Amino acid sequence: DLYQDDMWIYLDTKAALRVDGYRVADAENPHYRYVSDNTDVVGVDENGNLLPVSAGDATVYVYDGKNLAACRVRVIDDSGTSFRISAFYHSNFIYPEYMAECLDYMKQANIGYLEETRTYDRNGNQVCDYMMFLCAERDIFYSVCDPIHEDTLCNAKNEDVVLDIIKKYENRAGFGGLYLTDEPHEESNSYANIAKIIQNYNRHLTAHLNLLPDGGFPSWQEYIRDYCAVAGTPGIRNRYLSYDNYCFLEGGGFNYGVYQTLYDMRKVGLMYNFDTGYYMQAMAIPGAYRVSSDTELRYNASMGVAYGMKNFKWFVYLTPLEGFTTGIIGPDFKPSSMYDGICTVNRRIAEIGLILGKSDAIEVYHTKAVYNNPALPDSFVLTQDSTYDAIFTLYRSYEDGQQYVVVTNKNYRPNGKCTFSLRAAADLASLEVYRDGKWETVSMQDGKFTEEIAAGDFALFRLPKGYDAAQKTAQSENLALNCPVYASTSSYDFWSASENAAYMLTDGVTDRGGYMAANSNFYRESPVLTLDLGSVRNFSRINLYGLPDNAKKTAKNIRIAYSVDGVNWTELTDVSEVGDKKELTFDAIDARYVRLTLGTKRAGLGEIEVYEK
């Protein structure tokens, strides 16, 4: 018997077959022979280690001269990044005979990921393994809540607890990550540390944490940025930063506050190199939210595209028992009135994700300023002569620099189709539009053209290769200004605003605010800060500032190193005492990252500055 008979692995991950038992009693000291029936997909060595070669399916066998066992192995290549479409959560699972059919509906709707919040059904039965089996049969990823989750995982005091849970499900078909509850605990960075452990262990796994929207905590900027500072890893693309906030109110109203959180989440994601995601409304709650129409469902997804979201998460899959009218699947376990609209929207998201999946929304504007979102400037590469309310987004590929423009029609009423009169920048000689699955050249006359956009939908334009439409901003002499600083721990506790958050290390304010490390068991060594300048820069001076009015907590005995790639480090200098300010000068170096290892656990800094001279 093998511990696993069905595995999903990625091209860049490792896995091994593990013999777990025998059906006969005379298997003493067996010699195993391992064989793959498709070595073009996956090989296997004499110790059962799998050697992924290319995407596809194979069967790997283990034979001891008498007993034979097999494992189905699927090798996945996710290098062609696209948007993720998921659903959250099954919640009222009580009748197992309905679940297979309900998951078939989800698969037909192009939903490839199920986020879970519990392991048991309404009768207390543990159903995690059963759900993973059903999802794996349908090529659906499943987010696990371990049975000891609520008592142990969220209050875990060290890395071993988290890794034990991950390893329990490692390489199981369909396993895609762990779900964390949405209430912070006393340990200031438990969620952020868990997310970082999961990502550093296997970048394909996701730590699902339902963060709150803008205003959810006394200082949302500290709350969200310190989460990223601790959960993120410099130099790599970090997994999803997501939250929930719903817009279609009962009685026909619209929650305009969603625009502020979308805008702020996008900015934080860009700063810390996080892909972003959000929960889209597919439910109704009496007294709060209405059942979304087809055009409202479309606009909900279009908002995600307009703000650079990468993970589109429908809330909610099955109809919860706690006061909900319906979800994607109604209380009768049949598709609700929203199902067909969601299927249509998901096909559109999946198609566009293949184009924009490796691009970031670097600029977002509304035709009229709204909730912290700026108004469309006259200097933008596309403007309109018409007066329709819209969102204009500039995307840029983080691989080859290719740029795109998304124009989103904010009119989501059934009769909201609009013909936009658009004008291109004077130096834009050509433009393409994505229509019916292919790129078409836009016919412009004197830089003007029209584009019909359905209610709540968007149009996608591609700028000529090499054309740069990004807003030009003045460069500060301080190379570190507003750059991300990743932290091994943070003392921010979510429950009150403070002046000790990681992002304050580069906010340009030297006489107040800063960073304070937490004495956390998640990081057993001295606290580490890693500054990312965004690209390789040449510099010869670093200024460090102590914590104002808190000299006893200012870091001492700091070791400073630098790196071009975030992997290979060179020691630069040591600092025994910072005081109010410490200026460090040295021969000019080229580096992207600066690492500061603090000499004491409970210590901090007020500001980090970096200068060419």
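What volume does the second largest pocket have? About 1,100 Å³. This is a predicted model, in which local features need pLDDT of at least 70, side-chain atom pairs count only at pLDDT 80 or more, and totals for chains, interfaces and linings use all residues. Residues are numbered from 1 along each chain as its sequence is written, and side-chain values use heavy atoms, with hydrogens and water left out.

**Pockets**

A pocket is an open set of points on a 1 Å grid over the protein atoms alone, where a 1.4 Å probe fits and protein lies on both sides within 12 Å along at least five of seven lines. Lining residues have an atom within 4 Å of a point. A volume is the space filled by probe spheres set on the points, which are joined across faces, edges and corners. For the classes below, Ala, Val, Leu, Ile, Met, Phe, Trp, Tyr, Cys and Pro count as nonpolar. Asp, Glu, Lys and Arg are charged, and the others, Gly among them, are polar.

| Pocket | Volume | Lining residues | Classes |
|---|---|---|---|
| Largest pocket | about 1,700 Å³ | 43 residues | 19 nonpolar, 12 polar, 12 charged |
| Second largest pocket | about 1,100 Å³ | 37 residues | 13 nonpolar, 11 polar, 13 charged |

In the largest pocket, Leu-270, Met-271, Arg-396, Thr-473 and Asn-482 lie nearest the centre. Elements that give two or more residues to this lining include helix H7 (258–272) and strand S16 (359–366). Helices (H or I, at least four residues) and strands (E, at least two) are DSSP runs, numbered from the N terminus. H7 gives the largest share, seven residues.

In the second largest pocket, Asp-78, Ser-82, Phe-83, Arg-84 and Phe-141 lie nearest the centre. Among the elements that each supply at least two lining residues are strand S1 (6–10) and helix H9 (339–356).

**Cores and a buried helix**

Buried means under 20% relative accessible area, exposed over 50%, and partly exposed in between (1.4 Å probe, protein chains only). A nonpolar core is a set of buried Ala, Val, Leu, Ile, Met, Phe, Trp, Tyr and Cys residues joined through side-chain atoms within 4.5 Å. The largest nonpolar core has 137 residues. Tyr-227, Trp-314 and Leu-605 are among those with the most contacts inside it. Apart from that core lies another, of 27 residues, including Leu-382 and Cys-418. In soluble globular proteins, nonpolar side chains tend to be buried together.

Helix H2 (residues 128–137) has buried residues too: Cys-128, Met-131, Met-132, Leu-134, Cys-135 and Ala-136. Their cover includes S1, helix H1 (96–108) and helix H4 (159–169). Just after H2, Asp-139 takes a positive phi of about 55 degrees.

**Backbone exceptions**

Most residues other than glycine have a negative phi, and most peptide bonds are trans. Asn-110, in the loop between H1 and strand S9 (113–115), has a positive phi near 70 degrees. Asn-110 counts as partly exposed because its relative accessibility is 37%. Asn-482 also has a positive phi, of about 60 degrees. Asn-482 sits in the loop between strand S24 (458–462) and strand S25 (485–487), and is exposed because its relative accessible area is 52%.

Where are the cis bonds? One joins Phe-88 and Tyr-89, with omega about 5 degrees. Tyr-89 lies in the loop between strand S8 (84–88) and H1. Another runs from Phe-315 to Val-316, with omega near 20 degrees. Val-316 is in the loop between strand S15 (311–315) and H9.

Notes
Contact means heavy atoms within 4.5 Å.
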